Amino acid sequence: MTLESDLERARALDVSGLADAIESIGFECTRCGECCTATEPAVEPAEGDAAEETESEPHTATIFPDEIRQLRDDGRDFRDVARPMPYGLSETEDGVEGETFEWALQTDTCGDCTFYAEDDGVGACTVHEDRPLICQTYPFSVALDNTVQPMGEAVDEAGLVRAHECEGLGRDIAREDAEELAATLKERAIRELEEAIAVRDSYEPVERADGEVVVYDSEGAKRPDGTPR
């Protein structure tokens, strides 16, 4: 499937049908914070084996350029909001370098989303009203060929709706909430495909220096601080 054909399919998605799928799977956010924090290693040491020190994977959530601007409206620096998506980048003697085609929400020193807060074990988003579409719709995604899938394999699905690992799955959801989530899920699918097409159409490779990172988004080549390259 081409990006354009997938975009046509996304624009034609029936919100009611998506809501039916979400309702059949079931979901209620438990505010556990798992989708906002660093991912622990998937393989645990076997009983009796010495535990090896393994690093967790930093939280990665795609954020679009206009979503970055929205979060910067309160005077935040670009790097306080977003960082280059690490996929495509590598560690060298000169530092991190390479090319990537997305931005990710910024993380703290623990690898958690910088906007995540926790109080007595209950998670909260400090920019909840302005959080990116991928955060608004987790743990669901739309199963089109060129839409973004969150980290981890889908654990359930209904029609074109996939559900990814989350302890809130399987819980009753009100029809009104399912329809609101479905509408946002459709919006996200459309936006992802529009962004992918714009990235492709605006792509003009630039010559990188050793130890340099370049991010190609829908607005062209940029430095890690968001300024044009």
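Biologist: Hi! Which residues touch the most other members in the largest nonpolar core?
Modeller: Those are Ala10, Ile22, Ile25, Phe140 and Val161, in a core of 26 residues. Keep in mind that the model is predicted.

Biologist: And which helices and strands supply at least two residues of this core?
Modeller: Helices H1 (3-11), H2 (15-25) and H6 (175-202) do, along with strands S8 (140-142) and S10 (161-164). The largest share comes from H6, with eight residues.

Biologist: What is Ile25 in contact with, leaving aside its neighbours within four places in sequence?
Modeller: Its contacts are Phe140, Asp156, Glu157, Ala158, Val161, Ala163, Leu169 and Gly170. There is also a second, separate core of 16 residues, with Ala82, Leu105, Val127 and Ile134 among them.

Biologist: New topic: how many aromatic pairs are found in the whole structure?
Modeller: Five. One of them is Phe101 with Tyr216, a stacked pair at 5.5 Å centre to centre and 25° between the planes.

Biologist: Where do Phe101 and Tyr216 sit in the chain?
Modeller: Phe101 is in the loop between strands S4 (95-100) and S5 (103-105), while Tyr216 is in strand S11 (residues 213-217), and they are 115 residues apart.

Biologist: Is Tyr216 buried or exposed?
Modeller: Tyr216 counts as buried, because its relative accessibility is 1%. Phe101 is partly exposed, at 39% relative accessible area.

Biologist: Which residues form one aromatic cluster with Tyr216?
Modeller: Phe101 and Tyr203 do. Tyr203 pairs edge-to-face with Tyr216, at 4.7 Å centre to centre and 70° between the planes. Tyr203 lies in the loop between H6 and S11, and is partly exposed at 33% relative accessible area.

Terms used
Residues are numbered from 1 along each chain as its sequence is written. This is a predicted model: local features need pLDDT of at least 70, side-chain atom pairs count only at pLDDT 80 or more; totals for chains, interfaces and linings use all residues. Side-chain values use heavy atoms; hydrogens and water are left out. A nonpolar core is a set of buried Ala, Val, Leu, Ile, Met, Phe, Trp, Tyr and Cys residues joined through side-chain atoms within 4.5 Å. Buried means under 20% relative accessible area, exposed over 50%, partly exposed in between (1.4 Å probe, protein chains only). Helices (H or I, at least four residues) and strands (E, at least two) are DSSP runs, numbered from the N terminus. Contact means heavy atoms within 4.5 Å. Rings of Phe, Tyr and Trp (its six-membered ring) pair if their centres lie within 6.5 Å; planes under 30 degrees apart count as stacked, over 60 as edge-to-face and the rest as tilted.
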